[in-house]
Amino acid sequence: MAARRNNPSGIVPTIQNIVSTVDLDCVLDLKHITLHSRNSEFFPKRFSAVIMRIKDPKTTALIFASGKMVCTGAKTEAQSKLAARKFARIIQKLGFPAKFRDFRIQNIVASCDVQFTIRLEKFACTSYGAFSTYEPELFPGLIYRMKKPKLVLLIFVSGKVVITGAKKRDDFYTAFDNIYSVLAEFKK
Amino acid sequence: MADTYCPDCKRPTEVVFDHSAGDTVCSECGLVLEAHSIDETSEWRTFANESTDNDPVRVGGPSNPLLADGGLSTVISKPTGASGDFLTTSLGRWQNRGSNPDRSLIQAFKTIATMSDRLGLVATIKDRANEIYKKVEDQKPLRGRNQDAILAACLYIACRQEDKPRTVKEICSVANGATKKEIGRAKEYIVKQLEVELGQSMEMGTIHAGDFLRRFCSHLGMNNQAVKAAQEAVQKSEELDIRRSPISIAAAIIYIITQLSEDKKLLKDISLSTGVAEGTIRNSYKDLYPYAARIIPSWYAKEDDLKNLCSP
């Protein structure tokens, strides 16, 4: 894991959710899985995947018949990998030749608080307006689509910032550093 | 004025052409050289105001540059009286069935015109909405969406670009079937498309409570004093830290101003004309109440009147 960067303000965004995917590399019989495991649900008419949950780490997995799996809810990258391995183990125990191929983290969601209120209308009107979308009628937060690194930040009047779309931890540290210096100008 | 040979003066003289009588008159001796000259410019009297039905000078509607061929068309109509002749009755039918490249466009323009009529918008906004629709029309991702939502979003964007914004709820009320969410999504998509095409020249400022205030006040029939006071209050409230949608703030300020005046409006009336829910107006009122002394102008209400304001 990369070392934690230090922002001059000392604020570090905390990760709230990590979404990852892994390929189990074998065809699965979803009905069999649902019948023989306790913590899963499967409604083919609603969605064509088994939804399985484990308690530790507290995560949810969507398991598809092709053998691909999506694991959500973990709070760190290591936990996400561990959880995905646990799910793969469950599938293995049920009798399928599951492997653990191509584990990839697809999305990391983090949030933080800049500790001051922000003037969103001013922010949207300036040169950063090209990247911002602020529609108070539709959503109370300003949607800032950063180009480098490519991710999306939701900035609220209260000063809370949600960063999403990052694939690596470093990405959102960089993004937060970039945005903090800008936001300080628009303090209310 | 020209130089022609005048028979009386026996030399070329300055000749004046009198348009009103059609006479060519020599300016020196006054001799009429030519009378009743024929005017070869276009028809003077158009008969348009006299005959209500057809104006023989015009052969179609105003040319619309947005349509593929400028709106030129020739239609075969049913002959009056005579009927039973297979060819004449079918020709009209066959022409209509033929593919018309603009048919969907014309239909869309008609819908936009109906919507803008219902809202009472000027022709500028309607034309801008037509242009926007033309730019985004018939693109694959748009096909799936509700057509009404797209047209409503075009109208919303046109209003914003002309600095006369209308709330999404107002646009919702005239767009049949489109929900606020659908219009919002369609609007995001269209804005992105326009930016791609024009290269980032889309400048739509954020909405402010003041933009809508005038219209809400006139819906409610407030008197001029109240309207002015409300506008001042809205200006001052922009500096405060109130985390509410600008429309809700406008509605709450109208509520405060009307409560202070003689002519108190019911929460229900304000809710109807602004489109803000009653509960939201009450909550916004709770947020604004502590600052009431700061935002209400002093010439409108004294301190003790403010005390009369019911505490939320």
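A crossing of two helices is left-handed if the near helix is turned anticlockwise from the far one by less than a right angle, and right-handed if clockwise. By this criterion, H8(B) and H9(B) cross in the right-handed sense. The model is predicted: local features need pLDDT of at least 70, side-chain atom pairs count only at pLDDT 80 or more, and totals for chains, interfaces and linings use all residues. Residues are numbered from 1 along each chain as its sequence is written, chains are lettered from A and ligands numbered from 1 in the order written, and side-chain values use heavy atoms, without hydrogens or water.

Helices (H or I, at least four residues) and strands (E, at least two) are DSSP runs, numbered from the N terminus. Axes are lines fitted to C-alpha atoms, for helices over the stretch in contact, and angles run from 0 to 180 degrees between N-to-C directions. In chain B, helix H8 (residues 209-220) and helix H9 (residues 224-237) have axes that come within 10 Å and cross at roughly 165 degrees. H8(B) and H9(B) are therefore roughly antiparallel (angles under 35 degrees count as roughly parallel, over 145 as roughly antiparallel, 65 to 115 as roughly perpendicular and the rest as oblique).

Contact means heavy atoms within 4.5 Å. On the H8(B) side, B:Ala209, B:Gly210, B:Leu213, B:Arg214 and B:Cys217 meet B:Val227, B:Ala230, B:Gln231 and B:Val234 of H9(B). These residues divide into 6 nonpolar, 2 polar and 1 charged. Here Ala, Val, Leu, Ile, Met, Phe, Trp, Tyr, Cys and Pro count as nonpolar, Asp, Glu, Lys and Arg as charged, and the others, Gly among them, as polar.

H8(B) has 12 residues and reaches 16 Å from its first C-alpha to its last. This is close to the 16 Å expected at 1.5 Å a residue, where the expected span is 1.5 Å times one less than the number of residues. Buried residues (under 20% relative accessible area; exposed is over 50%, partly exposed in between; 1.4 Å probe, protein chains only) in H8(B) are B:Ala209, B:Phe212, B:Leu213, B:Arg215, B:Phe216, B:Cys217 and B:Leu220. Their cover includes helix H6 (168-174), H9, helix H10 (246-260) and helix H11 (267-274) of chain B. Just after H8(B), B:Gly221 takes a positive phi of about 75 degrees.

Helix H3 (residues 123-136) and helix H7 (residues 180-198) of chain B pack at about 80 degrees, with axes 10 Å apart. H3(B) is thus roughly perpendicular to H7(B). B:Ile132, B:Lys135 and B:Val136 of H3(B) meet B:Ile190, B:Gln193, B:Leu194, B:Glu197 and B:Leu198 of H7(B). By class, this contact has 5 nonpolar, 1 polar and 2 charged residues.

B:Asp23 sits in strand E3 (residues 23-26) of chain B. B:Asp23 is buried, at 18% relative accessible area. Beyond its neighbours within four places in sequence, B:Asp23 contacts B:Val16, B:Phe17, B:Asp18, B:Val32, B:Glu34, B:Ala35 and B:His36. B:His36 itself is exposed, at 71% relative accessibility. B:His36 lies in the loop between strand E4 (32-34) and helix H1 (86-97) of chain B. Its phi is positive, near 55 degrees, in a residue other than glycine.

Chain A also holds a non-glycine residue with positive phi: A:Asp102, near 55 degrees. A:Asp102 is in strand E6 (residues 101-113) of chain A and is exposed, at 56% relative accessibility. The peptide bond from A:Asp56 to A:Pro57 is cis, with omega near -5 degrees. A:Pro57 falls in the loop between strand E3 (49-54) and strand E4 (59-64) of chain A. A cis bond also joins A:Lys148 and A:Pro149, with omega about 0 degrees. A:Pro149 occupies the loop between strand E8 (142-146) and strand E9 (151-155) of chain A.
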